[in-house]
Amino acid sequence: MSQRVPVHVEVNGRGYDREVEPRRTLADFLREDLGLKGTHVACEHGFCGNCNVLLDGAAIRSCLMFAVQAGGRSVETVESLAGSDGELDELQLAFTEHHALQCGFCTPAMLLTAKQFLRENPGVTDARRIREAINGVICRCTGYQQIVAAIAAVAQAQQTAHSIRIETAPPVRVAQDTR
Amino acid sequence: MLAGGQSLVQLLKFRRCRPSALVDINGIPGLDAIERRDGELHVGALVRQQALLDDPQVAESWPLLREAAGFVGYPETRRRGTLAGSLAFAAPWAELTAAAVALDAQLDICSAAGQRSLAAREFFRGPGETALGDGELIVAVRFPAPAPGTGAAFHEVSVRHRDYAQVAAAAQVSPDGHGELVLLCVAPTPHRVDVSEALTRDDAIADLLGRLDPLDDVEASASYRQRVAPVLARRALRDAAERAHRRAPA
Ligand code: FES
Ligand code: FES
């Protein structure tokens with residue numbers, strides 16, 4: 001089936017009109033049709049999360065979605081993070097400071113997934129919740145520790161910058177009832 | 001038929017199915033409702049698995065659904081994957097199939113010929129096999145409300161956190177002591193066990209599960225599953241009973 005259909009997608013704030021085969025995945029569309037190679041594909045079967053991009057602000061697997069399904073919607077890729085002058089954003093800076101990448105293959109997906117987490121949970125430094133958020137992205141190098149530290153550092157900075165007060169959960173009480 | 005695509009697109013890529021056409025149902029209005037209707041929870045075909053975790057009514061009245069959904073995939077896949085799709089795909093490890101059977105869900109199935117309803121307890125026929133005929137689509141899944149104060153728990157064992165379940169147990173217990181237990185991967189379909197006795201007698205679980213014929217595959221051996229199943233069953237029932245106790249109106 002090589003018949004092409006028109007699709008309009010907003011990517012990183014800019015509208016694109018292209019004709020694509022219906023079978024084209026969003027990942028291939030971003031990489032091959034738009035030349036945005038920052039979105040990485042590894043397993044291409046939904047297991048590794050390296051192809052994560054934000055669709056209307058929420059992380060999804062771009063290898064499991066067809067480009068035509070993104071029609072009329074807005075996509076954010078890793079290319080949206082740095083400023084137009086190449087200046088890194090706060091999360092990217094934190095990743096470099098905390099050595100949160102080695103080969104860097106998982107980094108675009110990690111950054112975007114973390115981006116969403118920090119937008120929805122500003123100031124949340126709880127490692128358990130950060131791990132839960134990035135749980136779907138596999139990193140084969142770092143052991144995740146530094147990635148969690150980098151995300152927590154940005155969350156910490158958010159607290160200071162916006163004087164957010166995060167209620168810390170009360171300490172777990174051991175049950176006294178020995179029924 | 002394409003809804004969330006989290007299983008189907010994988011199959012297409014593996015060339016395990018090669019349909020001549022794919023119909024994307026995402027544009028059909030009205031299929032994305034998750035709401036209480038006549039005391040039941042009505043979940044439209046396009047309701048994403050993540051919605052089961054986010055919806056306050058589910059948390060309040062269908063705790064087992066929420067517990068099970070927490071084990072499904074990752075946030076990124078739950079945001080696309082649907083409940084109905086998970087049931088139609090009928091993977092032996094699919095947590096939501098256990099919840100549907102335990103909660104006695106009804107499936108509304110539609111085709112060009114008309115509409116029919118079928119109980120989840122009759123829907124599953126084997127790994128990846130269901131009662132769904134050619135040209136049929138699940139348009140909604142309906143869950144009757146459990147008794148107020150019902151407690152629920154879901155336990156599973158997998159090689160890696162969030163990987164496919166090797167064995168899973170879904171349980172719910174109502175304040176008056178009525179229990180439901182469904183196990184995954186110990187039979188070709190979600191396996192419902194009569195637990196009326198198990199709630200009062202501690203050793204009953206192993207007896208009840210003794211006649212299992214677990215799957216034997218690359219994820220786990222049959223003998224491993226045979227040994228793990230009673231452990232998970234007991235934990236799930238214990239937690240569900242405890243939660244029912246705590247939720248029970250004073
Ligand atoms: S490339 Fe999409 S999940 Fe691995
Ligand atoms: S840095 Fe190499 S995969 Fe994460």
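A residue counts as buried when its relative accessible area is under 20%, as exposed when that area is over 50%, and as partly exposed in between. The model shown in these views is a predicted one.

**View 1. A:Glu32 in helix 1 of chain A.** Helix 1, in which A:Glu32 lies, spans residues 26-33. Leaving aside neighbours within four places in sequence, A:Glu32 is in contact with A:Arg24 and A:Lys37, while its C-alpha atom is separated by 14 Å from that of A:Asp17, which is 15 residues apart from A:Glu32 along the chain.

**View 2. A:Glu44 in the loop between helix 1 and strand 3 of chain A.** Although A:Glu44 is not a glycine, its phi is positive, at about 55°. A:Glu44 is also partly exposed, with a relative accessible area of 34%.

**View 3. A:Tyr144 in the loop between helix 4 and helix 5 of chain A.** Here too the residue is not a glycine, yet A:Tyr144 has a positive phi of about 70°. With a relative accessibility of 26%, A:Tyr144 counts as partly exposed.

**View 4. Helix 5 of chain A, residues 145-161.** The 17 residues of helix 5 reach 24 Å from the first C-alpha to the last, close to the 24 Å expected at 1.5 Å a residue. Among its buried residues are A:Ile147, A:Val148, A:Ile151 and A:Val154, together with A:Gln158 and A:Gln159, and the buried residues of this helix pack against helix 2 (90-97), helix 3 (107-120) and helix 4 (127-134) of chain A. Helix 5 is followed by A:Ser163, whose phi is positive, near 35°.

Terms used. Residues are numbered from 1 along each chain as its sequence is written. Chains are lettered from A and ligands numbered from 1 in the order in which they are written. This is a predicted model: local features need pLDDT of at least 70, side-chain atom pairs count only at pLDDT 80 or more; totals for chains, interfaces and linings use all residues. Side-chain values use heavy atoms; hydrogens and water are left out. Helices (H or I, at least four residues) and strands (E, at least two) are DSSP runs, numbered from the N terminus. The expected span of a helix is 1.5 Å times one less than its number of residues. Buried means under 20% relative accessible area, exposed over 50%, partly exposed in between (1.4 Å probe, protein chains only). Contact means heavy atoms within 4.5 Å.
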